[in-house]
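Dear colleague,

I am passing on a structure that you have not worked with before, and I would be glad if you could look through it alongside the notes that follow.

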Amino acid sequence: MSEISKAYEPQAVEEKWYEFWMKQGCFTADPARVSDKRPAYSIVIPPPNVTGVLTMGHVLNNTIQDILARKARMDGKEVLWLPGTDHAGIATQNVVEKTLRKEGAIKHRDDLGREALVEKIWEWKHKYGGIIIQQLKKLGASCDWSRERFTMDEEYSKCVQSVFVDLYNKGLIYRGKRMVNWCPASQTALSDEEVIMKEQKGFLYYFKVEVVEEPGTFLTIATTRPETIPGDTAIAVNPKDPRYAKYIGKHARRPLPVENQAFLPIIGDEHVDFEFGTGVLKVTPAHDKADYEIFHRIHDWAIAASSNSPFMWKLATMEPIEVIDAKGFMTDAAGADLKGLERFKARKVAAEKLVELGLAVKEEPYTNNVGYSERADVPIEPRLSEQWFLQYPSVEKSRACVADGSMKFHPDRWAKVYDHWLGGIQDWCISRQLWWGHRVPVWYRGEEDVHCGLEAPEGEGWRQDPDVLDTWFSSWLWPFATMGWPEENETLKKFYPTTDLVTGPDIIFFWVARMIMAGYEYKGDLPFKNVYFTGIIRDKQGRKMSKSLGNSPDPLDLIAKYGADALRFGVMRAAPLGQDILFDEQNVELGRNFCNKLWNACRFRQIVGSADLPTEGEINPDLLTSDDKWILIRLDQSIREVTQAFTDYKFNDATNTLYRFFWSEYCDWYVEASKAAFYGEDAKLKANKLAVIDFILGNLLRLFHPFMPFITEELWHDMGYSQDMPENQGGRTIMFATWPKALTEEEKTYFGLDDTADKVAAAKYELVSMGRNLRRELKLDPAKKLRFVLKPAGDLPAAEVEVLRLLLNAETIEVNGGYVPPKGTPSSGNALGELYLPTEGLIDFAAERERLNKELEKVRGEIGKVQDKLNNPNFTQKVPAKVLEEHQQRLADWQGKEKHIIASFDNLPE
C-alpha cells in the first residue's frame, strides 16, 4: 500500500496512467484471445472529421463509448474499440481553400488545379489531421490506436471503389439529370440529409399576369422568389378549382425579362394547393423541386398524347430554363436587367421591375423554412444537374431488423423515426463536385464509351469522371471496411458484427441507416446489435452549442481546470438516456468534488489503518455491527442497480446510484459511524471494520472505473488492492479487474444481512437526522457539544449508543427508560425510541418569545397579503390558473409556518 498524498492532482495522474496503458498494450484487441469463455465485444468510433477539434458533443459520445468498452473488459471480454477519422470532403476542402486564399496563394481553386490542391490538402491533413485523436486520448479514450483508420487511406479507398463498381454493375448506381440541392458556396450537390431547414423572415410577392387570349384578364400569383420569373415555363392551376379551371389550355404573358415576355401555357395539375397564395402557381422547373415534378408530369403526358395541337406541342417540347448559375448569380437567360446579379440582389431588382411594369399587386411579410447547406451555412439552390445516384440496397432487411427487435435502439422511440424514413426513401445523390475525396471510378471516351472499374482503361482518349463521392458513401462501410474487408480475416470473423454503436440522432439517416444497408448487402448481417442515441448538449438557455454563439466551452480547458474524470462524471450524471443535456460547468465542478471525496475516503482508510493490519483482510461475520451490515446491504443493492443500468443503457442512472451510495450512504453515514470503532480500544473490531471498508472500496473503485478511469487506477494501486491479484484480473491494472458481483443468498446468510439488521441501522440514522433537526430548529451552533437523552423502545447495545453520540456530535447521550422531560423539551422519536434535547442553559426563553412574536407578526402579514388577493374577484377571475394555484399554495405554506410558530410558543416553559 502506497501512501496517498493529501491532494489529488489529476494532471499528473492522468498522464502517468495513460502512458502506462499505452505502453502495456491494454487497449489492443487480439482476435486470437476470443473464445467461448472470452467473448468478443466491439464498437467502432463514429469517425470525427479530420478537420475537427474536441467539442462537448465529442466528450459525451466518446465517454459513453469508453464506459461501454471498459465495462466489457471488466466483464472478461476481448474488446475492440476501433478508432479513426473521416476525410470530410466539403469541410476539409473548404478549410484548406480558405487558408490558401487568406495567405494570398490563390483566388480560386482553379488557380492551383486539381492535383496541386489535393496535394495541399494532404499536407494539411498530415499536419493538423491528428489533433482530435490526441484530444480524445486526454479524455481517456481506450481505443485500439494500433488499428486507427482514415477514410482516405489506401486500403479503405479500395473498399469504397469496389463497392461503387459492384453497385454499378448491379444496376443500382446510375447517372442522370435530376433536381438536386446545390451549395453555391461549396460548388457541389448535397443530399437532402445535408440540408438544414431554417426559419427565415422574408416577403410574399404578389404580381399579375395577363391571359393572352383574354386581354384585360389577369391572374394573380404569389411567390417568394420573383428573381426566378424569367425561368418560368408554365402557369399551373388545380383543375378542380372553379376560379381558374376555365383558363386551362390558354396562355399567360410572362412579365420578365421585359425583352422576352413569353406566352406561357396555363396547365392543370391536381398537386397545386388551393390555399397557398392565390391558387395560381408559377412553374419554374429549373429552380424548384415541386415545379420540376409538375413539369415532368405535364411534359410526359403531352408526349404520350401525341396531339398535333399547338398547345400540346408546346408542352411536349418545352425545356427548363436555368436563370441562376452554379455560383448563385443570374444567367443571361434572366434578361438584361438581372443578368450577372447575385440571386438575392436580383430578387430586389425583380420586385422593383414588377412595380415599374404596373404588375406588382402587393408585398406581405412571410416566414418560411429555407434549406441551408449544413457545412457552408448558405441557402441552397434547387438546381438541375447531372449527378450519380444510388438506389439503396437491402432496404427491406434493414427495415425488418429494427422492427423485429434483432437490432435495438436506445431509446426505442427512434425506431419509429427510422422506419418512417425507410418507408419513403428516395435515391441517394452520391456525387459531389469537389476534388478532395474518392473519385468516381468511371472513365469516358467520346460520347459512347463508358468504363467503370478499379483501374483506368488502357488506350488513349479516356478521361475520368471529375466528381468525387459523397463522404457518407465511404463512412457507410465503416463497421466492416475498418476491419480489413473484403478479406475475411480473423478480426472480421471475431469482431463483426459489432456490439454497440453510439451516435447522435441527427445522423440516423446520414449514417446509421446506410451502415445497416451496407452491412446486409456486403456481410449478410446487421453491422451492430445496439444503437445508443445521445442527446444534444445545450447551454443553460437551451441553445445548441456552437462556435458562432460562443456558448461552447473548450473541453481541454475543462480538463485542465478540473481533470478528465471530473468532466466525464459530471457530463454523464447530467445525461439521461436520449435526452438533451443542459450543460452547466457546475456539473464538472461537482465531478471534481466527487473525485476529491473519493480520494479523501481512501486516505481516511490509510489513516485509520496500520501497518500490521492487512489490506482486504477477511471479514468476520461475528464482529459485524448493524452499520457494517447496513452498508453491505446498500453495496449489494448498488451493484445490482448499476449493473442493471448498464443492461438498460441508462448510464445517468448508474452515476446517480454511485453518487448516492458513495457520498451519502458510505461517506455521510457509514464512515462517520465507523469512527466509533476506530476511536475505541477493541483491536479486533477495528480490524474487522477495516476489512469491511476495504471490501466496500475495492468494489467501489471497480464500479467507478468505467466512468472515472484515471483516479480509480491510481487508488487501486495506492490502496494495495492490485496486490495478490492475478495479472489479468486486476494485478496489472484495474481495467481488467472483475466487475463486482451482487452478493449471493449464501453470502447474505453468512454475513447475517437480513431485514432486521437493515432496519436497526436505518432507524438509527433516521433518529440522528431527527436529532440534528432539533438542533437546527433551535438555531444552535452545529459544532457545540450537546447533551441528549434517549428513552429507548427496547435494548440498545452501548456500541450503538456510541455511534449515535458521534453522529449527533453530542457530549453525552443518557439512556434513560424512565426519563420524564420538563415541559417544552424538544423531542423526536421513531422505532428506536424517543430522543430528547434538554434546553437548560441553552436558550434565553424571553428572547425566544420575542423572536417568535416578531416571526409570527411577519408571517401573519404575509398571510394577509395573499388572502387579500385571493378574496379579490378582479384577481382570481383574470389571472391564469397556474398563477392562482401558486397563490393558493403560498397561502397554505404561510399558514403552515404560522401553526409551527404557535406550536413552538406552546412548547416554551412558563
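**Helix pairs, a covered helix and a surface patch**

Helix H16 (residues 555-562) and helix H18 (residues 585-608) have axes that come within 10 Å and cross at roughly 35°, and the crossing in which H16 passes H18 is right-handed. On the H16 side this contact is made by Leu-558, Lys-561 and Tyr-562, while H18 brings Glu-585, Val-588, Glu-589 and Arg-592 to it. Please keep in mind, here and below, that this is a predicted model.

A second pair is formed by helix H10 (residues 395-403) and helix H15 (residues 508-523), whose axes come within 9 Å and cross at roughly 115°. H10 also passes H15 in a right-handed crossing, and the residues in contact are Val-395, Lys-397, Ser-398 and Cys-401 from H10, with Ile-516, Met-517 and Tyr-520 from H15.

Helix H17 (residues 564-573) is mostly covered, since 9 of its 10 residues are buried.

At the surface, Val-53, Tyr-128 and Ile-131 form a nonpolar patch, with about 220 Å² of accessible area together. Of these residues, Ile-131 is found in helix H5 (residues 131-139), and Ile-131 counts as partly exposed because its relative accessibility is 33%, which lies between the 20% limit for buried and the 50% limit for exposed.

With kind regards

Key
Residues are numbered from 1 along each chain as its sequence is written. This is a predicted model: local features need pLDDT of at least 70, side-chain atom pairs count only at pLDDT 80 or more; totals for chains, interfaces and linings use all residues. Side-chain values use heavy atoms; hydrogens and water are left out. Patches are made of residues with over 30% relative accessible area and no salt bridge: like charges are joined within 9 Å, nonpolar side chains (Val, Leu, Ile, Met, Phe, Trp, Tyr) within 5 Å. Accessible areas come from the Shrake-Rupley method with a 1.4 Å probe; for residues, only the protein chains shown count as cover. A salt bridge is a side-chain nitrogen of Lys or Arg within 4 Å of a carboxyl oxygen of Asp or Glu. Helices (H or I, at least four residues) and strands (E, at least two) are DSSP runs, numbered from the N terminus. Buried means under 20% relative accessible area, exposed over 50%, partly exposed in between (1.4 Å probe, protein chains only). Axes are lines fitted to C-alpha atoms, for helices over the stretch in contact, and angles run from 0 to 180 degrees between N-to-C directions. A crossing is left-handed if the near helix is turned anticlockwise from the far one by less than a right angle, and right-handed if clockwise. Contact means heavy atoms within 4.5 Å.
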